[in-house]
Amino acid sequence: MQADQIFDHLWSDYIKQNPEVKRVYDSFISAGEEVVNDHIAFRTFDHERINIDKLARVFLQAGYVPKGEYYFEEKKLFARHYELPGKSEAPRVFISELQLDKCSSWLKQEITQMIDALPEGLEHEDDLIYKGGVFGLPSYELYKKLREESEYAAWVYVYGFRANHFTVSVNHLKSMKSLQAVNEFLKGKGFILNSSGGEIKGNPLELLEQSSTMAGHLDVEFAEGTYRIPSCYYEFALRYKMEDGELYSGFIAKSADKIFESTNFYSS
Ligand code: NI
């Protein structure tokens, strides 16, 4: 599959499933902006059936190549980003995975059992990245318990494989030239920004600044009934030029660490 087709599919699922991110997108369009994607992010576990390599497969087939690698010690995550050579406007792909060996034996066992129970061959299917929740009807009790140890694990348990966020390239905006301007615009529209570590993560010296909305709330069906929980969010990235004049293309682990908290539980 071509990269464009993959992203069209991911995008249409993302806005269908998350009315809040569609409103963010529509706000930019109404302001006369053209939205170009900086990167798209996915989450998974480091189990060999569904790890980063499995999710990356469709992108490699579309011509993407692996680039930077990142560790998040506190959140027990590893991530890799991918780029499409020769296509500077193609979004980067950022895939992270929870390192189960670093988690409690309880969490590792729960997640491993769930993954072992997945249908045979699922990991080889081309549509793995669009599959959404793959672990069956979730339990709200288990979701809450996972959240106490890892908000990330709880999110993947419920939402599975989908775009966790798309990211507006602020470099491509015409009227809003700084992340401050983007943030003020969004707050003016009533969106809640992730303020963990400050609204703007990173700085010009690090060559990348990022901010994000807090994930909107969705009614999710659990075995115990329907509960409103955070879903997906929208991110904004402004890249700076390196000494050679090219825009910096990687990620800053310290900043991404705080961005992961955009899906943390909060009351709506
Ligand atoms: Ni991101």
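Colleague: In which sense do β5 and strand β9 (residues 233–239) pair?

Modeller: This is a predicted model, where local features need pLDDT of at least 70, side-chain atom pairs count only at pLDDT 80 or more, and totals for chains, interfaces and linings use all residues. Residues are numbered from 1 along each chain as its sequence is written, and side-chain values use heavy atoms, leaving out hydrogens and water. Strands (E, at least two residues) and helices (H or I, at least four) are DSSP runs numbered from the N terminus, and two strands pair if DSSP finds at least two bridges between them. β5 and β9 share 5 bridges, and the sense is parallel.

Colleague: Which residue stands opposite H165 in β5?

Modeller: Strand β1 (residues 37–45) pairs with β5 over 3 bridges in the antiparallel sense. The residue opposite H165 is A41.

Colleague: How many residues of strand β5 (residues 165–169) are buried?

Modeller: Buried means under 20% relative accessible area, exposed over 50%, and partly exposed in between (1.4 Å probe, protein chains only). On one side of β5, H165, T167 and S169 are buried, as are F166 and V168 on the other. The count is 5 of 5.

Colleague: What is the phi of K76 near?

Modeller: Most residues other than glycine have a negative phi. K76 lies in the loop between β2 (65–72) and β3 (77–83), and is partly exposed at 29% relative accessibility. Its phi is positive, near 60°.

Colleague: How many disulfides are there?

Modeller: A disulfide is taken as a pair of cysteine sulfur atoms within 2.5 Å. C103 is buried at 10% relative accessibility, and C232 is buried at 1%. The disulfide count is 0.
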